[in-house]
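Below are my notes on the model, arranged as numbered points. Please read them with the coordinates open.

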Amino acid sequence: MTTKNSQEILESIPQKGFFGHPKGLFTLFFTEFWERFSYYGMRAILIYYMYYAIKDGGLGLDRGTAASIMAIYGSLVYMSGIIGGWIADRLLGMKRTVFYGGILIMAGHIALSFPGGVTALFVSMGLIVIGTGLLKPNVSNIVGDLYDKEDMRIDSGFSIFYMGINLGGFIAPFIVGTLGQKYNFHLGFGIAALGMVIGLIVFLATRKKYLGLAGSYVPNPLSADEKKSVFLKFGIGALIIVIVGAILISNGILTIDGFIMTVSVLGIIIPVMYFLVMYFSKKTTKTEQKNLLAYIPLFVAAMMFWAIQEQGSIILAQYADERIKLSLAGFSLQSSWFQSFNPLFIVLLAPVFAALWMKLGKRQPSTNKKFSFGLIFAGLSFLIMIIPAIYAGPDALVSPIWLILSFLIVVLGELCLSPVGLAATTRMAPAAFSAQTMGLWFLSNASAQAINAQIVKLYSPETEILYFGIIGGIAVLLGVILFVVSSVIKKRA
């Protein structure tokens, strides 16, 4: 970091005190802990709420439609990060954007905690999509703001931060999932809302003391005239969207399937356009342009990884509900509990990976090679699911060990790729697009889930072997290719 603002930020932050890291990491760790508790608690039961019969407290939607909605929901959540990044970069700064995002997320969970059918579901989704877009990329970007760009602690810091995310994700399915599946879905959603309330309290209580100036400045503020123009355009655009949407829906033109397809297409178009806007911007230097080009293979690799990882709450959640023996030694399991294995393994292994990167220092694998390892592990996590499909067939219930093993393998890949990707994004971001570039990183997840919305419809117990085999095989192949070519591009990572 070389700018005056960056130097002032670093001087204002207590540089040690949270496991050898800046104290501001404490604030961001626990804010994200509770935000992820609310989000992953809700997600652990959402697909069941959608496809369970009305008599069982659900909405009675078709399984394929419910799976596609889950994927599109996830895609929109991460796609909205671009909006959150822009607002932070040009209007509010990251701190205030994070706070307002938390308010909207809380309101979304509250909307879902009351019986309101499909209407309440979509209202809740809308609020959480916008709120998460405001909060998630910016809270992660503030983590990067705590460190000098040459600070060797940064990968370790992001790994610790990532552990906080997953501690919340680990606890949530046991609490929200049990209450939702065993008693009442809306009670579970209400507990998710409470989690976000606690997260907001932690953020408000500690941000001034621990964060200093981190996230408080606006990197590329709009002028007064620009603000008037932007607000006018946003207002007119929103009004047009509402009117056109209402007309299309009332006339049966815009259906759920049509909306899903539209978002799937946007999931590919938006990141391409965003790369072009940043690359050709007059505010992007030649060096930053080269960094953006080097970022492209990482983005593609991340897309493939998230396409597999995010199916843990869709296809593997359905697998847990329909294909797993949910009774062990007379003890009854809830299918939503399996959503805790991914964050559990991350909580257990994140310190190991954080210590490993710290110990290796400059000898650690390049970012590109870490990404290739992540892809290979992701592919293997799907390929292993072929085994029970071959030996048990499409009708028999199988041991939960297979599903647990799949979650373990994909976590090994996640720890190679995700926290490292966050750190790489903060290093490679053009200065004028710092928060927006973090939004671009989350677009890799959005694009993956937009594609998933079309793919998940193809899954059934009868297609398991082809489904897991083809997707897993493609991931392994891409991982090997990235590893082979990493020596060519590693200088830019």
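1. Buried means under 20% relative accessible area, exposed over 50%, and partly exposed in between, with a 1.4 Å probe and protein chains only. Helices (H or I, at least four residues) and strands (E, at least two) are DSSP runs, numbered from the N terminus. Under these terms, Ile 315, Leu 316, Ala 317, Gln 318, Tyr 319 and Ala 320 of helix 12 are buried. Helix 12 spans residues 315-322 and is mostly covered, with 6 of its 8 residues buried.

2. On provenance: this is a predicted model, in which local features need pLDDT of at least 70 and side-chain atom pairs count only at pLDDT 80 or more, while totals for chains, interfaces and linings use all residues. Residues are numbered from 1 along each chain as its sequence is written, and side-chain values use heavy atoms, with hydrogens and water left out.

3. Salt bridges. The criterion is a side-chain nitrogen of Lys or Arg within 4 Å of a carboxyl oxygen of Asp or Glu. The count by this rule is 5 salt bridges. One of them joins Glu 32 to Lys 136, with the closest N and O atoms 3.0 Å apart. Glu 32 lies in helix 2 and Lys 136 in helix 6, so this pair ties together parts that are 104 residues apart in sequence. Glu 32 is buried at a relative accessible area of 0%, and Lys 136 also counts as buried, at 6%.

4. Another salt bridge is formed by Arg 63 and Glu 322, whose closest N and O atoms are 2.3 Å apart. Arg 63 is in helix 3 and Glu 322 in helix 12, so distant parts of the chain, 259 residues apart, are linked by this pair. Arg 63 is partly exposed, with a relative accessible area of 38%; Glu 322 is partly exposed as well, at 29%.

5. Arg 323 forms a salt bridge with Glu 464, and here the closest N and O atoms are 2.7 Å apart. Arg 323 sits in the loop between helix 12 and strand 1 (327-328), whereas Glu 464 belongs to helix 18 (residues 464-489), 141 residues apart. Arg 323 is buried at 2% relative accessibility, and Glu 464 is buried at 1%.

6. With contact taken as heavy atoms within 4.5 Å, and leaving aside neighbours within four places in sequence, Glu 414 is in contact with Tyr 162, Phe 305, Trp 306, Gln 309, Asn 342, Ile 346 and Pro 419.

7. Ser 159, in helix 7 (residues 154-183), is buried at a relative accessible area of 2%.

8. Helix packing. The axes of helix 3 (residues 63-79) and helix 6 (residues 117-145) come within 7 Å and cross at roughly 35 degrees. Axes are lines fitted to C-alpha atoms, for helices over the stretch in contact, and angles run from 0 to 180 degrees between N-to-C directions. Helix 3 contributes Ile 69, Tyr 73, Leu 76, Val 77 and Tyr 78, and the residues of helix 6 include Ile 128, Val 129 and Lys 136.

9. Leu 59 is in the loop between helix 2 and helix 3 and counts as buried at 15% relative accessibility. Leu 59 and Gly 117 are 58 residues apart in sequence, yet their C-alpha atoms are 6.7 Å apart. Beyond four places in sequence, Leu 59 touches Tyr 49, Met 50, Tyr 52, Ile 54, Gly 117, Val 118 and Leu 121.

10. Aromatic rings. Rings of Phe, Tyr and Trp (its six-membered ring) pair if their centres lie within 6.5 Å; planes under 30 degrees apart count as stacked, over 60 as edge-to-face and the rest as tilted. This rule gives 27 aromatic pairs. Ring pairs link Tyr 48, Tyr 49, Tyr 51, Tyr 52, Phe 185 and Phe 189 into a cluster.
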